[in-house]
Amino acid sequence: QVQLVESGGGLVQPGGSLRLSCAASGSIRIIYVMGWYRQAPGKQRELVANIGIGGSTNYADSVKERFTISRDNAKNTVYLQMSSLKPEDTAVYYCNMNIGGVIYWGQGTQATVSS
């Protein structure tokens, strides 16, 4: 059984930074794509960024040049460095991984940007 555990959310002022982490544990042979989604109150869940097994990345237009996704394959972990945060970045952030062809989700971590 595979489990994704997220950490790193919190409250930050506009212009600040947060770093999210998500570690996968359990029976893991290969992780194809790792990513982050977010869901703000009253809105649909949306893709923030993802990273392929070879390191190729994809970002939502709203976070380009502010957020950076990275992965550590040895640790089965994906990171999201969020900088220059805006109030509109406030959301629950969910980790997502394609592990051996099966999609798994983390439990979500709240990131709140407010003065």
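Where does Asn-76 lie? Asn-76 sits in the loop between β7 (67-72) and β8 (77-82), where strands (E, at least two residues) are DSSP runs numbered from the N terminus. This is a predicted model, in which local features need pLDDT of at least 70, side-chain atom pairs count only at pLDDT 80 or more, and totals for chains, interfaces and linings use all residues. Residues are numbered from 1 along each chain as its sequence is written, and side-chain values use heavy atoms, with hydrogens and water left out.

**Disulfide**

- The structure holds one disulfide, a term that stands for a pair of cysteine sulfur atoms within 2.5 Å.
- Cys-22 and Cys-95 form this disulfide, with their sulfur atoms 2.1 Å apart.
- The link joins distant parts of the chain, since Cys-22 is in strand β3 (residues 18-25) and Cys-95 is in strand β9, 73 residues apart.
- The link of Cys-22 and Cys-95 is left-handed, with -80° about the S-S bond.
- Both Cys-22 and Cys-95 are buried, that is, under 20% relative accessible area, where exposed is over 50% and partly exposed is in between (1.4 Å probe, protein chains only).

**Nonpolar core**

- The largest nonpolar core has 30 residues; such a core is a set of buried Ala, Val, Leu, Ile, Met, Phe, Trp, Tyr and Cys residues joined through side-chain atoms within 4.5 Å.
- Two or more residues each come from β3, β4 (31-39), β5 (46-52), β7, β8, β9 and β11 (109-113).
- β9 gives the most to this core, with five residues.
- The residues with the most contacts inside the core are Trp-36, Val-78, Leu-80, Met-82, Tyr-93 and Met-97.
- Val-78 touches a set of residues including Cys-22, Cys-95, Trp-36 and Met-97, not counting residues up to four places away in sequence; contact means heavy atoms within 4.5 Å.
- In soluble globular proteins, nonpolar side chains tend to be buried together.

**Strand β11**

- Thr-109 is in strand β11 and is buried, with a relative accessible area of 12%.
- Leaving out residues up to four places away in sequence, Thr-109 touches Glu-6, Gly-9, Leu-20, Ala-91, Val-92 and Tyr-93.

**Loop residues**

- Asn-76 has a phi near 55°, a positive value in a residue other than glycine, and counts as partly exposed at 21% relative accessibility.
- Ser-84, in the loop between β8 and β9 (91-99), also has a positive phi, near 50°.
- Ser-84 counts as partly exposed because its relative accessibility is 40%.
- Most residues other than glycine have a negative phi.
- Glu-65 is in the loop between β6 (57-59) and β7 and is exposed, with a relative accessible area of 85%.
- The C-alpha atoms of Glu-65 and Ser-83 are separated by 8.8 Å, and the two residues are 18 residues apart along the chain.

**Largest pocket**

- The volume of the largest pocket is about 170 Å³.
- A pocket is found on a 1 Å grid over the protein atoms alone, as an open set of points where a 1.4 Å probe fits, with protein on both sides within 12 Å along at least five of seven lines; lining residues have an atom within 4 Å of a point.
- Grid points are joined across faces, edges and corners, and the volume is the space filled by probe spheres set on the points.
- Residues that line the largest pocket include Arg-38, Lys-43, Glu-46, Arg-66, Glu-88 and Asp-89.
- The lining has two nonpolar, four polar and six charged residues, where Ala, Val, Leu, Ile, Met, Phe, Trp, Tyr, Cys and Pro count as nonpolar, Asp, Glu, Lys and Arg as charged, and the others, Gly among them, as polar.

How values were computed:
Helix = DSSP H or I, 4+ residues; strand = E, 2+ residues; numbered from the N terminus.
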